[in-house]
Amino acid sequence: MIRGRMWTRCAAFAIWLLVATGRPVSTAQSPSAGPPRYLVVPFENVAGEPRLYWLSEASAMLLTEDLATTGVSSIRREDRLRAFERMRVPPVSTLSHATVIRLGQIVGARFVVLGRFEVEGDDLIVRVRTIRLDTGRLSAELTEKGSLTD
């Protein structure tokens, strides 16, 4: 099952990314504003593979859920979808960095987590990055590869 170990490792990598990119907060958001919040947007299906279409939204939901279980404040799916509606953006389209930054600002996130996935043979390859909204800084890409049967 795809949800298993691979998504747990992706969540761990995403958390590491978030911690690694964290620096003192700018005046745009003071430390007293509470813990940083993360917006996870649906991952891009690079090859547009029809059998994995569902994984775009599922990736955002699973990673958001995994972040929440580790105590990281993340934006709920319902709030993300409302932001998409407010901006009149389709919730499963490939979005520019400018669009996801604006969505993150609308929902009050400090970081946006975005990713993409593709199938190579019998393996699923997932790539994850974060954008720190107060600086616009894009993190290094982390890649996780696992068997589709895992």
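In the hairpin formed by S5 and S6, four residues separate the two strands, and Gly136 adopts a positive phi near 75 degrees. The structure is a predicted model, in which local features need pLDDT of at least 70, side-chain atom pairs count only at pLDDT 80 or more, and totals for chains, interfaces and linings use all residues. Residues are numbered from 1 along each chain as its sequence is written, and side-chain values use heavy atoms, with hydrogens and water left out. Helices (H or I, at least four residues) and strands (E, at least two) are DSSP runs, numbered from the N terminus.

Strand S5 (residues 123-132) is a handy place to begin. Two strands are said to pair if DSSP finds at least two bridges between them. S5 and strand S6 (residues 137-138) are antiparallel and share two bridges, with Arg132 opposite Arg137 in S6. Strand S7 (residues 142-147) also pairs with S5 in the antiparallel sense, over six bridges; here Val128 faces Leu142 of S7. Strand S4 (residues 111-120) runs antiparallel to S5 and is joined to it by 10 bridges, and Val112 has Ile131 of S5 as its bridge partner. The hairpin of S4 and S5 has two residues between its strands, and Gly121 takes a positive phi near 65 degrees there. Eight of the 10 residues of S5 are buried, leaving the strand mostly covered (buried means under 20% relative accessible area, exposed over 50%, partly exposed in between, with a 1.4 Å probe and protein chains only).

Attention now turns to the nonpolar cores, each a set of buried Ala, Val, Leu, Ile, Met, Phe, Trp, Tyr and Cys residues joined through side-chain atoms within 4.5 Å. The largest has 16 residues, of which Val40, Phe43, Leu63, Phe117, Leu124 and Val126 touch the most other members. Strand S1 (37-40), helix H2 (55-69), S4 and S5 each give two or more residues to this core, and H2 contributes the most, with five. Another core, of 14 residues, lies apart from it and includes Ala83, Phe84, Val100 and Val112.

Finally, the axes of helix H3 (residues 77-87) and helix H4 (residues 97-107) come within 10 Å and cross at roughly 115 degrees; axes are lines fitted to C-alpha atoms, for helices over the stretch in contact, and angles run from 0 to 180 degrees between N-to-C directions. Asp79, Ala83, Phe84, Arg86 and Met87 of H3 meet Thr99, Arg102, Leu103, Ile106 and Val107 of H4, where contact means heavy atoms within 4.5 Å.
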